[in-house]
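Thanks for coming. I'll take a few minutes on one structure, starting with the fold as a whole and ending with two single residues.

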Amino acid sequence: MGKLVVRIVENGHSYKINCDEHTPVESVQKLLESISGIPFKDQLLFCFGSKLESHSPLSAYKLPSEQEEVFLFNKSRMRINSPPPTPEKFKIAVIPVNPPLSPPSSSVPHPNLDDTSDPALKALPSYETQFRNHLQSGSAIYRRTLAMFEICERLLREQEVQERALDVAKGNLDHFYEMVCQNYTEFMKCYSQQDCSHRKFLADFGREKEKLRSIKIMPLLQNANRKCLLDFVDEENLQKVWEECSSSHERFEKKVLELKTEFGDLNSQVQDLFSCKTSKFIKDVELSVKEHRRFMDEQKSIMQALSEDVNTVKKLLEDCLSRQVSPSPILPHNAFSALGPTYNTHEKDYLPKMRACDSAISTLLDFCTDKKNESNLYVHNYMQKIARMQYTIKDLRYKFSVFSEALKHQNEQFHQLKVLHGVGPAYMACIAEVERRKTATNIYMENAEKLSEKLARERDFEIRRRDEFVKVHSTFIPPDILAAMGLYDSLNPCYVNVAPLPGGSTTLAVTDTTILQNDAETKIEALINEVSKFERESEINRNLLDRLRSCATSADFADSLRVLAQSLVSSAEESNEDSTFELRECIEIIADKVGALSRQCADLEENRELVNTLCTKNQLENQRLHNGSRFLF
């Protein structure tokens with residue numbers, strides 16, 4: 001058995017329900033209906049950002065758990081025509097001006113002290129009564145103040161509950177908003193691509209018709225009804241299709257603009273809603289409660305002082321009674337003399353402070369109540385906005401499915417216009433296919449002729465080989481035996497026949513240059529740009545080559561390369577070409593390496609001279625030793 005913490009969103013109230021993991025959500029909802037007054041059908045439970053379904057057990061959501069809270073949303077409050085919440089009011093008990101005194105705390109009856117000659121002793125019972133009166137008045141004030149302060153703290157906790165509940169509601173809204181944003185992005189991407197293509201079809205319709213009308217088909221293919229490429233299609237019907245497509249495209253474009261506007265309004269509303277926070281109420285209340293806690297601490301200290309004073313006067317009274325029963329020295333008067341100032345302190349300091357603290361906490365309660373009512377109204381309006389946005393999101397998601405179907409239908413409607421644009425390329429492809437097939441047929445026939453010649457050569461070789469065999473072995477084997485064995489049989493010839501091309505195909509070898517004209521012009525222009533770029537690069541390369549040659553003939557190759565790299569900086573800034581910058585960096589690297597090699601060569605030259613000197617000395621020394629040894633022998 002565990003406890004399920006349920007928070008009521010509309011007012012921030014909390015309930016703890018005893019249940020276990022097998023308890024159905026439906027049972028929890030029925031119990032909540034009895035204790036919160038929210039009808040079963042209007043309850044909407046959320047936990048972990050997920051909706052709790054009535055037919056599921058609590059174990060499906062890892063509940064109950066005291067660490068996790070379930071938020072109860074009232075669907076009836078989220079409707080547009082629902083009334084605003086009723087302002088909360090709190091009735092605090094009024095403090096009586098003269099509260100009734102409690103019985104004396106001392107069980108010993110007071111003796112008749114009127115006959116005593118000591119005035120301080122006479123006033124002692126009166127002080128004891130007044131001090132108890134002060135304590136009771138302070139206690140009443142403290143209980144009232146504590147009740148008000150606890151209400152303030154509860155109101156603060158309820159506003160914190162409402163803030164967390166709104167975060168859950170925003171998270172749920174954000175989930176569906178991201179889905180509709182994804183749908184919108186995907187739809188607009190498809191629409192933009194299709195709209196651009198359809199606009200081109202509509203704009204190029206007249207020009208494409210004239211282009212097809214101007215292209216005459218080859219005489220071999222012409223007849224009474226077909227003279228040009230435009231005759232391949234039904235021009236009158238195509239004109240009607242163009243008008244219908246143009247009208248449909250315009251209507252669909254207006255609908256898409258309306259959809260854009262609707263989504264833009266939704267996006268603005270969602271962003272504005274997400275930017276609003278309930279913390280603006282909570283921070284003020286939290287700060288005020290924290291600041292007013294000192295009044296409660298002050299009242300506690302005053303109540304402690306009042307209680308100590310009552311105990312003091314009570315002890316004095318009991319001491320006086322015991323001293324009158326048994327003879328003893330008279331009490332010192334300094335214990336009685338302090339009662340007067342203490343009484344004045346109660347009347348003029350402690351009790352006024354208690355009432356001032358009570359007044360301050362009462363003002364705090366009014367402030368917290370106003371803020372809580374503002375928070376309730378804010379939550380009410382906020383949830384209504386979320387409900388409206390969720391309805392808009394649901395409507396938009398339905399519209400996206402409808403618009404997607406309309407997009408497909410419009411694409412099918414424009415299919416007939418696409419035929420007009422495909423006639424020219426298809427005709428050109430057919431001509432190219434004729435040329436390709438003719439070339440392939442020629443190659444095939446050449447291969448067939450070569451195969452025929454090869455087979456004839458192999459047959460002649462086989463016939464000669466058979467004749468030679470019969471000639472050699474006929475001397476030993478009778479001819480009838482050779483004939484019966486089939487050794488006189490000859491190899492039949494093989495003929496390779498290739499059927500000619502279908503009639504008229506060989507004559508269809510003329511390429512219609514009119515169709516290729518636009519494509520050729522585009523390719524020629526691109527080729528001219530490439531040639532111009534190549535010429536510019538060639539000129540740069542020639543100049544660079546000449547300068548490199550001059551560097552190679554220079555006495556100091558490394559310094560010449562550095563000068564060349566530096567000069568390339570200005571030319572790179574003028575031409576703004578990345579290749580020049582890269583070349584300059586490469587030349588600088590080469591210059592550094594050449595300089596390093598030059599220095600190494602100089603060091604090697606010095607070392608070589610040193611080695612030569614050492615070798616000469618070594619030879620002279622060896623010769624001297626050799627001459628000396630020969631003299632000894």
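Of the contacts in the protein with a separation of 6 or more, what percentage comes from residues 24 or more positions apart? The figure is 80%. Please keep in mind that this is a predicted model.

Some overall numbers. The protein has twelve helices and five strands. It has 633 residues, and 32% of them count as buried.

Next, the nonpolar cores. In soluble globular proteins, nonpolar side chains tend to be buried together. Here the largest nonpolar core has 38 residues. Phe73, Val180, Phe187, Leu266 and Met383 have the most contacts inside it. Which elements each supply at least two residues of this core? They are strand S3 at 43-47, strand S5 at 69-74, helix H2 at 119-203, H4, and helix H7 at 339-413. H2 gives the most, with 13 residues. There is also a second, separate core of 23 residues, which includes Val289, Leu306, Met354 and Leu365.

Leaving aside neighbours within four places in sequence, Phe73 is in contact with Val9, Asp42, Gln43, Leu44, Phe46, Ala165, Ala169 and Met383. Met383, like Phe73, is on the list of residues with the most contacts inside the largest core.

Now helix packing. Two packed helices are described by the angle between their axes and the distance between the axes. I have two pairs, and H4 is in both.

By class, the contact of H4 with H7 has 19 nonpolar, six polar and six charged residues.

The second pair is H4, residues 235-275, with H8, residues 415-473. The angle here is about 125 degrees and the axes are 9 Å apart. H4 and H8 are therefore oblique to each other. H4 passes H8 in a left-handed crossing. Which residues make the contact? From H4 they are Asn237, Leu238, Val241, Trp242 and Cys245, and from H8 they are Gln416, Leu417 and Leu420. By class, that contact has six nonpolar, two polar and no charged residues.

Last, the two single residues. Gln159 is found in helix H2. Is Gln159 buried or exposed? Its relative accessible area is 1%, and the cut-off for buried is under 20%, so Gln159 is buried. Sequence neighbours within four places aside, Gln159 is in contact with Phe281, Ile282, Val285, Cys368, Lys371, Lys372 and Ser375.

The other residue is Phe40, which sits in the loop between helix H1, residues 25-36, and S3. Its relative accessibility is 27%, so Phe40 counts as partly exposed. Where does Phe40 make contact, leaving aside neighbours within four places in sequence? The partners are Glu26, Gln29, Lys30, Glu33 and Ser54.

How values were computed:
Residues numbered from 1 in each chain as written. Predicted model: local features only at pLDDT ≥ 70, side-chain atom pairs only at ≥ 80, totals over all residues. Heavy atoms only, no water. Axes fitted to C-alpha atoms, helices over the stretch in contact; angles between N-to-C directions. Helix = DSSP H or I, 4+ residues; strand = E, 2+ residues; numbered from the N terminus. Parallel < 35°, antiparallel > 145°, perpendicular 65-115°, else oblique. Left-handed = near helix turned anticlockwise from the far one by under 90°. Contact = heavy atoms within 4.5 Å. Nonpolar A, V, L, I, M, F, W, Y, C, P; charged D, E, K, R; others polar. Core = buried A, V, L, I, M, F, W, Y, C linked by side-chain atoms within 4.5 Å. Buried < 20%, exposed > 50% of the residue type's maximum accessible area, 1.4 Å probe, protein only.
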